[in-house]
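Morning, everyone. Please have the sequence and the model open while I talk. I will go through some charged pairs, then a strand pairing.

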Amino acid sequence: MAALAFLLECAATAAFLGTALSLLTWPLLAALRGPALRRIPALRADLAFVLGTLPAVGALAVVSAAAAPSLGAALGLWSDHCASHGHHLHLCILHSAGMRPVQASVGAFALALFLFRAGWLARRVVEMRERLAALEELGTRRPGHFPIIAVPGAPQLCHAVGHVHRRILVSESLAEALSALELSGALAHEEAHLRRRDPLAGLLLAVAGLFTAPFFARAFLSAWRTAAEEACDTDAACAVGDGSLVASALVRVATLQRQAAHTLEAAPAFGAIALEQRVRLLLEGERRVATSARALLAVGSVGAVGLLLALQHASFLHHAVETLLHQLF
Amino acid sequence: MKKRTWEPLGTLEAAVMHVVWTHSPVTAREVCDRMTGPEERAYTTIMTTMDRLHRKGLLLREKDGLAWRYAPALTRAAFEKALADGLATGILQAHGELALSAFVDAAAELDESLLDRLTQLIAQRRKGNT
């Protein structure tokens, strides 16, 4: 019973902190649309990623630190501290002070929602990996900076894939329809995604989104994707030396995909990145700056430092969370 | 009309289809005789697999005496193309944002006039640069 109460208290705390941090960071997305950052899409993507993962990192760090004294006591590492504060709720896996109905309901709802969304996400990742493996078995490998897998079928694919083993998936028919220069522009764009490890970053953002409301998760993901696409356009323009070439490849691929979508009665359904905006930015490419991505490193460092700091102040955070739960419920 | 989509074949199904594609039209007994070594299976297993492939629409069949004689409903290349289309569409529709970074997204949301306008814009810019 005490363990269940502890779990529900942790879930309620994580949900509260994730939502509160999202409410604080979400308005900052508007700042990313400012004129200064528009010129540096890679930095904008990094900041969007940091903002998107901050609620999850913050919630996890605080909940881990707040739960540490109790878990430490359960494992016999720390002394039992519960006798020292009988005046408010206990966040304790050993002794339950009795949960209030509202707190139990909020915790149960938050936990159920988290598990449902996490399960859904895990299922989609597994399904996608199986489908990708089946698709790649039909393809042929071509040499490139990253492996390029040319697959049969309609000209739908020109995608960077792989959370760890990075590769480019391209439809043979699409590669044949593009001129050599256009294809080099398209592949340079995908290579930029892989250098930036965008497929992994996208998955991490989706996982971070589990700690906040779907509305916020979508907003952060959308801001990051838009900036990441523009950053890769800039990188590709630098790589091939001509922004109009990448713009031309964009329009050509969009035209081919549109035709394929009509034939297959299906269409790529994720993320509407404004093609017109990307083309116009590419044609004005000389005003933009290409920089390398540091998002994963930044979030990893911030997360590690944050967790260390939180654990260092575990006792304070433990009592702060107990007081917060006591006041809220 | 909506195009038919295919699921990836299992190991035994793929082995059977390989024989059918290379030796069509064949009976289940002939397929069984050609599957040797690690692919060797009981005749009844092959017969059941071929019946399942027929129900899936991958094999056509007609009576030849007491047995069924099977032929592929589509060539290997056509099957692989259709399978790739189905897999790619499924990945893009259901899982896109999880692992893929696309060169162009949401093509279906673009109308033809916008694409024409952008093509003209690029041509103009290139003309201006030369």
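**Salt bridges and a hairpin**

Start in chain B. B:Glu13 and B:Arg52 form a salt bridge, with their closest N and O atoms 3.2 Å apart. By salt bridge I mean a side-chain nitrogen of Lys or Arg within 4 Å of a carboxyl oxygen of Asp or Glu. This pair links distant parts of the chain: B:Glu13 is in helix α1 (residues 11-23) of chain B, B:Arg52 is in helix α3 (residues 43-56) of chain B, and 39 residues separate them. Helices (H or I, at least four residues) and strands (E, at least two) are DSSP runs, numbered from the N terminus.

A word on the source. This is a predicted model, in which local features need pLDDT of at least 70 and side-chain atom pairs count only at pLDDT 80 or more, while totals for chains, interfaces and linings use all residues. Residues are numbered from 1 along each chain as its sequence is written, chains are lettered from A and ligands numbered from 1 in the order in which they are written, and side-chain values use heavy atoms, with hydrogens and water left out.

Back to that pair. Is B:Glu13 buried or exposed? B:Glu13 counts as buried because its relative accessibility is 6%. B:Arg52 is at 32%, so it counts as partly exposed. The cut-offs: buried is under 20% relative accessible area, exposed is over 50%, partly exposed is in between (1.4 Å probe, protein chains only).

Next, B:Glu30 and B:Arg69. Their side chains meet in a salt bridge at 3.4 Å, N to O. This pair too links distant parts of the chain: B:Glu30 sits in helix α2 (residues 28-34) of chain B and B:Arg69 in strand β3 (residues 67-72) of chain B, 39 residues apart. B:Glu30 is partly exposed, at 29% relative accessible area. B:Arg69 is partly exposed as well, at 23%.

Stay with β3(B). Which strand does it pair with? Six bridges join it to strand β2 (residues 59-64) of chain B, and the two run antiparallel. Two strands pair if DSSP finds at least two bridges between them. B:Leu59 has B:Pro72 in β3(B) as its bridge partner. β2(B) and β3(B) form a hairpin with two residues between them. In the turn, B:Gly65 has a positive phi of about 70°.

Now chain A. A:Glu136 and A:Arg167 meet in a salt bridge at 2.8 Å, N to O. Both A:Glu136 and A:Arg167 are buried.

Last, the total: 16 salt bridges over all chains.
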